Amino acid sequence: MGYVAVKGGTEAVLNAEQLVEYFRVKGESEPISVVQIQEQLRLAVDRAMGEGALYAPELAALALKQSEGDALEASFLLRAYRSTVPRIEYSLPVAGARMRPLRRISATFKDIPEGQLLGPTRDYQLRLLNTLLTHESSASTRAYLAQIEAKITDETKPLVNFPKVIEKMREQGILAEPPEQEKADADADPYDITRKALTFPAPRSARLQVLAQGDVGGMLTFAYSSVRGYGDAHPTLGELRVGHVPVEVAHPVTGEAVEIGEILVTECEMVSRVQSADADESHAQRVARGPEQPKFGLGYGFCFGHSEVKAMSMAIIDRVLSAAKEHGVHGEGGPTANEEFVLLHIDGIEASGFTAHFKLPHYVTFQADISVLERTRAFHAEKFAAVREQGQAKTARTEPEEKGAEHV
Amino acid sequence: MSDDVIGQLLQRLTTSQTQTEAGATLAQAAQGGREPLYNFAFIDEDSKREVRRKLLKGVALPGHLVPFASRDLPIARGWGTGGLQVTLALVEPRDVIKVIDQGDDDSVNAVNLRRLIQKTTGIAFTTDTTRATVLQSRHRIPEERLRADQILVLQVPMADPLRWVEPNIERATEMHAEADYGHMWVYMYESVVRSGDMNIASEYPVIVEKRYMMDTTPIPRYDVGRLHMAEMLTLFGAGREKRVYAVPPYTHIVPLEFEDYPFTTEHDPSKHCDKCGANDTYLTSYFVESPTPEGAGCWTYLCSDTSYCEKRTRVRGQRVTMEAS
Amino acid sequence: MQPPTEQEERIRYSTVTFRHLLDSLARPGKITTLEPPPFLQEMPVYFSLHEAAPIPVNGYGLGALLTLLDKEVTFVIAANGVWLNAQDALMRWIVTRSGAGVGTPESATFAFFCDGESSGLLTQLPRGTLVEPELSATAFYCVESLVDAFGPLTNEERSDGWLKLELTGPGIEDTHAIRIAGLAHEELQHIRQTRQGYPLGVDVYMIDASGRCVGLPRTTAIKG
């Protein structure tokens, strides 16, 4: 009644799995602990969570250990795991303004309310390899931590509330309002891409969801291309924040907001000049509209954990897509302005899965391809022979003495 | 030391030694047991329900692509997650499943998919096409004609037949809505002009019930006719593209063709399977090593449908034995 | 092996019922028998004008409907040619057990007619759009009896209100005929009306008092 093993296929697959495991441990070095990955490779953990679309630092660390550090493989494990976990509740909207920031910067103004908080960043480091790290030990890290702890004074300052830079821009009247359709969508429930297949044109909430779990490499390419000229983005960093935000749900009985925990996130707001006039606008329409009111459009980026490249790329892509939809872009639109092109190719798990699938056997279709190839070759050979025949016949007619004897 | 071990393990990849884990899996299958940690058929009931609702609409709209919220599975996108979700939404404990890839039950991907289905359902499997109630296949329709009590599930890499001429989904969807297939006909015509005949080798486009243009998946042209006025229901799952579609039984399937360039298959009756002798099955070429180290080896043809080929070979063998006795 | 738990039983019932519904829709006119649902003991009732009393809802039909409902979809119910309102006991019964939302006739995913007469309400249901024809509703009718037809109706059958339907289309090899008791004759016209203009159309199931089920997708042409 059970499955009958026909040949060695099953065994081959099982052996391959054993071999993978073997390669992971054959060096016989001390097995890495999940805690070590979680603490000392936090940025890899954050990337796995972001692309796996599951906030679970310990599981992300485990996934990285299991996948031997392969970022896509780790996020794949998390995504697959997410599918098995029941969804018990939806959180209330998370407010970035309520963040306990570790880092908060803006490029728009030199001084911003409550100041620029550099936080933990490698931005200003010289990229020189530090060979001292090869001799790191628990003793050395403990000594270093003791140094830092000595600098922390007992003086407790009140928690600062960092207002959003874009709110100041909004007060000044230089931030553009989102289009009516988007405002209406924002009041409705967000489009859930895990429950409904994506169709185009896509609402902004769907776009942001897809981007938030997108592959950071792909997103960087799209963002980079658009600021290099293949797009209309001349962005300025409105604000970049990294820190902890509270997650709340509505109490099932009272309906009040209850905090269930906090997550570390990166949030980014990019602004760029928007085209204030419609190119097709008639003179009458322009007059009716009133004087030009150039404003700045907003692009939003968000991801789990600490990933500035991802949040910034997302914000740039969001800005470009909004601009393309709303006003039409001037200059070359570029691939980033094509919503379908971006959203359908930005998911790392989909992209890597399909690209990798070319390793699967394709010999049935290849046989079919061969048959069509042979047919096409035969067709071209016939055509060529016919053409040559015509040519030789023509030559034969013009030079009968020389060519007449030639076999045609 | 490590190189030795690697060498040994690599050797085992090509031999057919029984592994203890393989043995355990087979034993589990024999007992009908399944991994209790997972919901029956792995995906949760809500997800199954969504697939089921969409499949019903697919059946009511033969050949039309129905979007569905394809779930992330432990198997990579592009490796059969769509077909898998359809199968997992379908199967009940009394089913008997056959999974093939390129017509072969033992192809590594078929093995992998079968393992997941096995692990999460505990239902019986078979390699015999005639005994299966649900058949999941990549790139082939089995040679043995399927019956009304069987369901065929085909894995789809690229769902929209219009992608040859229109990669933008929004525009392609509008074309389907309006039955505006002119661009495809132009494409076919141009291919005839360029290469003397239609140059689509597989994933051949067909018109379903005179309305929707449909991609038949990378089955050979040889198999396209099996979909027309068939006794079985055929369901198509594209996991990465998040679409399902269906061809009910007794449905008209007409491949795109021109009057003077009719649809042709790859079939060449002068070629025979080297193992069972058939010249009426889909054959693929194999390189056969020479039995002697000095020999050159040669290309030969074998049936792609391995279980059917094996059946025929056994019957052939029995006939010879009977004649001999 | 352990006997199945209640949860496993419910999952098995959902799957088997879905297979019947799939088979019915794929082979219009083929009569399959649904399994009795696991909640037979607590069958809800509706007030039937025909009986002038509350009667149990067709359990087979209700069970089939429930296997397809969850919080992603909406439903509407009609009895005696009138849509039930959200406060109705039957509506609340279904909402509690499925998590599905109460819909409007213009947008509901599923419609359930407790008897074989919609009084034209079927025509209010969504038929999909050219771009998304799958967004149309699926309707269930509860009829008295579904049987194959092997010849013309007898005079007695005709006077008893039996209808004979001749069906053609995808899923049917040539033509298939069935006899139905308990379906109002006008319903055929309503059904035809909702499926003019393929690919738009409402897909229909009919389930009789013994659990026999027939599927009539929008692709089926009905003569009767």
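Modeller: Let us begin with domains, whose bounds come from an automatic or database domain assignment. The model is predicted. In chain B, the assignment gives domain 1 (21–160 + 208–255) and domain 2 (283–324). The C-alpha centres of domain 1 of chain B and domain 2 of chain B are 29 Å apart.

Biologist: How many residues of domain 1 of chain B are in contact with domain 2 of chain B?

Modeller: Two residues are in contact if their C-beta atoms, placed from the backbone, lie within 7 Å. On that basis, 12 residues of domain 1 of chain B meet five residues of domain 2 of chain B. The side contributed by domain 1 of chain B consists of one nonpolar, four polar and seven charged residues.

Biologist: Into which domains is chain A divided?

Modeller: Chain A has domain 1 (9–84), domain 2 (98–123 + 159–357) and domain 3 (364–403). Between the C-alpha centres of domain 1 of chain A and domain 3 of chain A there are 57 Å.

Biologist: How is the interface between two chains described?

Modeller: The size of an interface is often given as the accessible area lost when the parts come together.

Biologist: Is Leu264(A) buried or partly exposed, and why?

Modeller: A residue is buried if 20 or more other C-beta atoms lie within 10 Å of its own. Leu264(A) counts as partly exposed because it has 19 C-beta neighbours inside 10 Å. Leu264(A) belongs to strand S3 (residues 257–273) of chain A. Beyond its neighbours within four places in sequence, Leu264(A) has contacts with His244(A), Gly305(A) and His306(A). Leu264(A) and Leu102(A), 162 residues apart in sequence, are 9.5 Å apart from C-alpha to C-alpha.

Biologist: Which strands of the open sheet in chain B stand at the edges?

Modeller: The open sheet has three strands in the order S7-S6-S10 (chain B), paired antiparallel. Strand S7 (212–215) and strand S10 (253–255) of chain B are at the edges; each has a single partner strand, so one side of each lacks a neighbour in the sheet. Neighbouring strands of this sheet are turned by 35 degrees against each other on average, direction ignored. Strand S6 (residues 205–208) of chain B and S7(B) are joined by four antiparallel bridges, and Val206(B) stands opposite Met214(B) in S7(B).

Biologist: How does the radius of gyration of chain C agree with that of a compact globule?

Modeller: For 224 residues, a compact globule would have a radius near 17 Å, and chain C has 17 Å, which agrees. Chain C contains five helices and 14 strands, and 46% of its 224 residues count as buried.

Definitions and conventions:
Residues numbered from 1 in each chain as written. Chains lettered and ligands numbered in written order. Predicted model: local features only at pLDDT ≥ 70, side-chain atom pairs only at ≥ 80, totals over all residues. Nonpolar A, V, L, I, M, F, W, Y, C, P; charged D, E, K, R; others polar. Helix = DSSP H or I, 4+ residues; strand = E, 2+ residues; numbered from the N terminus. Buried ≥ 20, exposed ≤ 12 C-beta atoms within 10 Å, placed from the backbone. Rg over C-alpha atoms; globule rule 2.2 N^0.38 Å. Pairing = 2+ DSSP bridges. Axes fitted to C-alpha atoms, helices over the stretch in contact; angles between N-to-C directions.
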